[in-house]
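Let's take a walk through this protein together, with the model open beside us.

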Amino acid sequence: MQYLVLAIIFILIIWIAILLIRAASFKPKEELKPSQEPVTLNEDKIVSDMQEMIRCKTISYNDPKLVDETEFQKFRDLLPKLFPNVHKTCELRHLGINGLLYHWKGKNEGDPVVLMAHYDVVPVEEALWEKPPFEAVLENDVIWGRGTLDTKGTLCGILEAAEKLISEGFQPERDIYFSFSGQEEINGPSCPAIVDWFEENGIHPAMVLDEGGAVVENVFPGVKRECALIGIAEKGMMNAEFHAKSGGGHASMPPVHTIVGELAQAVVDVENHPFPRQLTKPVREMLDVLGRYSTFLYKIIFANLWCFEGLFDLVCKKSGGELNAMMRTTCAVTKMEGGAAFNVIPPKASVGMNLRLMGTDTVESARDYLEKVVNNPNIDVTIYEGRNASPDSDTDCQEWKLLCQAVSDTWKEALVSPYLMMACSDSWHYSRITDRVYKFSAMKLSKEERGMIHGNNERIPVKTLVRTVEFYVRLMKSGI
């Protein structure tokens, strides 16, 4: 027995030593060296152009009858006036319902680069805004308006950069396409139509860059430096409902469990049984990059995930939010419908939910999981729409390195890292023609600013917008 105890203690000491040695050797990799080359920009023009774009009320609705097509046409008519050099140099195709595809011819043959943005915006509740959402008020070097962050600011950055470079006689090394949809917010057919055009013409982009991660602070455990997060995959999406029916009846003589009660139990069961964890490539690579800059205690975990993956997952589950979302498929209950009167047992009721699918989880497997967890033959699971997660993009190629370098050159103090995008974007469609689809909103955004996306009082500091233009100038000149 004494020898057994000593053996256990010896093994424990060895085990602890291995954990500590691995943590101590989990040091940062060599960082990119930012360029010191300045980029000179016309700030007044950038601000004025952004304001003109915001004043176009390009609001997307799922109901086509609510869409004001004159505002979308107003926006499209505005672009040649703001960016004459782009429209003289680049060939423009109108694809889908309101898709715009610009082609900037490069010096050399080869697979092109696609830079994306969308010019439609989500609806607003104007009464809840401090400033009018479509007047582009400029106050204290901040531009207020719907779309400043999502994503007319990005579209402005792309075209301002191209306009400047063309005026200076610059021609890119390879073809560059600017792909702008006016239906992204409703997952409309314009972007798929653009991708169809590429596919029909046998064009497979060397790189696609769309909205996604950003330059952020205080988002990773134990890391104090700002982080530039570039999405290399995005989660899928699924909208589903639980439906239950009954014979109705008077509320004074209820059954043991009403259908509303059964649905409530189903919701509790789903929330108490989250989807199993998955440590996907984007998350593994992010942990490997940012974990090396964390505190030593966190390094013990990140350097030894073979041992502590379960513990890390437990922390993520308890934290909720983005930490939890990067480890599993999530299910958020978002709507409920039942009876219309207090004293009537409803003949039917439903609960709606939004799922964000991750890794190997599919629309079909997620539905099966929900049915298994609920385990109630009186409740039907209905899928309204859904799409699986995108494939992971390549991070071992020249395009990835050039993209990271342009980010580092623009935000010199930022740690550049892969990232898993939680939301959905138009760039998901490009995954069928290339494995290099990257998701990065070229802005430094605070937590408050990120909360303005699709929210009230959306606005962008002028310095943030100018930095966006600077990034695209650097990217276009990088030789991508």
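Cysteine 156 is buried, with a relative accessible area of 0%; here buried means under 20% relative accessible area, exposed means over 50%, and partly exposed lies in between, using a 1.4 Å probe and protein chains only. Cysteine 424, at 21% relative accessibility, counts as partly exposed. Do keep in mind that this is a predicted model, in which local features need pLDDT of at least 70 and side-chain atom pairs count only at pLDDT 80 or more, while totals for chains, interfaces and linings use all residues. Residues are numbered from 1 along each chain as its sequence is written, and side-chain values use heavy atoms, leaving out hydrogens and water.

What about disulfides? A disulfide is a covalent bond between the sulfur atoms of two cysteines; the cut-off used for one is a pair of cysteine sulfur atoms within 2.5 Å. The structure holds zero of them. For cysteine 156, the nearest cysteine sulfur belongs to cysteine 56 and is 12 Å away. The sulfur of cysteine 424 is too far for a bond as well, because the closest cysteine sulfur, in cysteine 191, is 13 Å from it.

Cysteine 191 takes us to helix H6 (residues 190-200), where it is one of the buried residues, together with Ser190, Pro192, Ile194, Val195, Trp197 and Phe198. Helices (H or I, at least four residues) and strands (E, at least two) are DSSP runs, numbered from the N terminus. The cover over the buried residues of H6 includes E1, E2, strand E3 (113-118) and strand E6 (176-181). After H6 comes glycine 202, with a positive phi near 65 degrees.

Strand E1 (residues 91-95) and strand E2 (residues 99-104) run antiparallel and are joined by five bridges; strands pair if DSSP finds at least two bridges between them. Glutamate 91 stands opposite histidine 103 in E2. Three residues lie between the strands, and glycine 96 has a positive phi near 70 degrees.

The largest nonpolar core has 102 residues, of which Phe178, Phe471 and Met476 touch the most other members. Such a core is a set of buried Ala, Val, Leu, Ile, Met, Phe, Trp, Tyr and Cys residues joined through side-chain atoms within 4.5 Å. Helix H15 (residues 462-477) gives the largest share of this core, nine residues. Another core, of 23 residues, lies apart from it and has Ala240, Phe242, Val270 and Ala349 among its members. Leaving out residues up to four places away in sequence, methionine 476 touches residues including Trp104, Leu115, Ile158 and Phe178, where contact means heavy atoms within 4.5 Å.

Asparagine 304 sits between helix H9 (296-302) and helix H10 (305-319), and at 0% relative accessibility it counts as buried. Its side chain makes a polar contact of 2.9 Å with the side chain of arginine 22. A polar contact is a pair of N or O atoms within 3.5 Å; within protein, one must be able to donate a hydrogen and the other to accept it, and residues adjacent in sequence count only if both atoms are side-chain atoms.

Threonine 395 lies in the loop between strand E12 (379-387) and helix H13 (398-410), and is buried at 18% relative accessibility.
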